[in-house]
Amino acid sequence: MAADLQSVTLSNGKKLEVHTHLFINNEFVPGHGPLIENINPATEEVICAVHSADESDVNAAVEAANTCFNNVWRKVAPAERGLLINKLANLMERDKEELAALDALDNGKAYTVARDIDITDSIACFRYFAGWSDKIHGKTIDTVADRWCYTRHEALGVVGAVIPWNYPIMMAAWKFAPALATGNCVVMKTSELTPLSMLKFAALAKEAGFPAGVVNIITGYGATTGNFLANHKLVSKMAFTGSTVTGRKIMESSSHSNLKKLQLELGGKSAQIVCADADLKNAAVMACGGIFNNHGQSCNAGSRIFVQSSVFDKFMDLFVKATDDIVLGDPFAEDTFQGPQISKGQFDKIMNYIKIGQEEGATLYKGGKRWGDKGYYIEPTIFINCKNNMRIMQEEIFGPVVGIATFETIDEAIALANDSTYGLAGGVYTSNVDTAIRVSNEIKAGTVWVNTFDVFDQSTPFGGYKQSGFGKELGKYALQEYTQVKVVKFQLLNTGA
């Protein structure tokens, strides 16, 4: 067994070997930062200890990426980049079950969800952007008769990326895939809470044949490792998914270092509007998934639900029934939908918000307690009689907690939905197309779902308004985030020939 590999045992008895070192310049190397204990949130037990990166390790990773970009990667034909990305996707497909098991172990999400949604969609993301690799074109522009002008869409160079713990592989795919397709090299910092699947991914990138320095994966704490990366002057761009507070710090780092390009996908407090003319059974099922998917640990979670008052009672009966169908348990059990929250700190934060909701006068309708006596499990929690100025309706809880309020008119619903500092997503349930279009147009959010929620496609962009950040993930729009446009102007000379 290689020095950086440790053996771990899953709850189903299966054993896996996990990488624990940093991945720099196509090699697993020891980190010089503190060892970080990796905790299983379902058992509260230590899985293993992983190495973290100090400033010298960040420098080594960035310098490896910069050298590779200048000497190797920028000279690789676009079609060849696409072939490598597709090969990586094929290897992920081959090892899908192992990648899913690592996310379930590390994050606590249901193994079946990790396998059938997270990893499956991540593979599709790489395949989608592989197809774009040789289709990133500039334009010729007519100006005057004796001048030839054209544009080039060029790679940025070294991209720094910081990903969260809620979707370890998927958030990495959303950044790696367009970055590689457009010809950049990447240094990615995983969350210190969920590094294991991305270190497995690093091994697959090497197996796929990417040149040394194209893919670099490090872990560590945001205040140290993340800060070193965000302030590095050889990093041309930072792509970040996480809290608005940290997003502001990364903006400061950009301004203080080299004005690096930024892409920030930040917090959310998304509203789901249920109109009286909606298919209420569909609305209840979709709204339930909209908040309780991934244990409520999604930036776009529909954590505020506004129901037209005339159908409130009927909707609540259906919504509670849908919530009752949620199965909590061991992430590796086939029927589990909701596993534990990610950490003790997050568990305590959510439980405190449940207390705050009750103190503010909201009615605790269902849940609100710890589930079981081991692991960071919290029951799906429903508050009713909520006012939109309550903290549980304005602050991102990032857990299985939803606040429900009523409205009378569509104008009121739109105003309530927009009464938030965030603008990542929203949803409306209605059978009236005019209402659907009007609400979709007037909600100030980057994504609006109609009669569904929390569904994604590789070809459609995702990103926020307001304090939910800026820039787009996925789709053709994402290519713009990883390129810069150069204009070339030729003066045609009359040589007299």
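Predicted model: local features only at pLDDT ≥ 70, side-chain atom pairs only at ≥ 80, totals over all residues.

Modeller: Helices H9 and H10 cross in the right-handed sense. Residue numbers start from 1 along each chain as its sequence is written, and side-chain values use heavy atoms, leaving out hydrogens and water. Helices (H or I, at least four residues) and strands (E, at least two) are DSSP runs, numbered from the N terminus.

H9 covers residues 280-292 and H10 covers residues 312-324. Their axes come within 8 Å and cross at roughly 50°. That makes H9 oblique to H10. The contact on the H9 side comes from Leu280, Lys281, Ala283, Ala284, Val285, Ala287, Cys288, Ile291 and Phe292. H10 supplies Lys314, Phe315, Leu318, Phe319, Ala322 and Thr323. Some cut-offs belong here. Axes are lines fitted to C-alpha atoms, for helices over the stretch in contact, and angles run from 0 to 180 degrees between N-to-C directions. Oblique is what remains after roughly parallel (under 35 degrees), roughly antiparallel (over 145) and roughly perpendicular (65 to 115). Contact means heavy atoms within 4.5 Å.

Now zoom in on one residue. Ala287 sits in helix H9. Its relative accessible area is 0%, so Ala287 is buried. Buried is under 20%, exposed is over 50% and partly exposed lies in between, using a 1.4 Å probe and protein chains only. Set aside neighbours within four places in sequence, and Ala287 is in contact with Gln272, Ile305, Phe315, Phe319 and Tyr429. Ile250 and Ala287 are 37 residues apart along the chain, and their C-alpha atoms are separated by 33 Å.

Next comes the sheet. Two strands pair if DSSP finds at least two bridges between them. Strands of a sheet pair through backbone hydrogen bonds, either parallel or antiparallel. Here 7 strands form an open sheet with mixed pairing, in the order E16-E17-E18-E15-E14-E20-E21. Strand E16 (363-366) and E21 are the edge strands; each has a single partner strand, so one side of each is left without a neighbour in the sheet. Neighbouring strands in this sheet are turned by 25° against each other on average, direction ignored. H9 packs on the sheet. H9 touches strand E14 (271-274), strand E15 (304-308), E17, strand E18 (401-407) and E20. The direction of H9 makes about 170° with that of E14.

E16 runs antiparallel to strand E17 (residues 381-384), and 3 bridges join the two. Lys366 has Ile382 in E17 as its bridge partner.

Strand E20 (residues 425-429) pairs with E21 in the parallel sense, over 4 bridges. Ala425 stands opposite Thr447 in E21. Together, E20, helix H14 (residues 433-442) and E21 form a right-handed β-α-β unit. Right-handed here means that, with the strands pointing away from the viewer, the path from the first strand over the helix to the second runs clockwise. E21 itself spans residues 447-450, and its side chains alternate. Thr447 and Trp449 point to one face and are buried.

Helix H1 (residues 55-71) and helix H7 (residues 222-230) have axes that come within 9 Å and cross at roughly 40°. H1 and H7 are therefore oblique to each other. Their crossing is right-handed. Glu55, Val58 and Val62 in H1 meet Thr225, Phe228 and Leu229 in H7.

Methods: Left-handed = near helix turned anticlockwise from the far one by under 90°.
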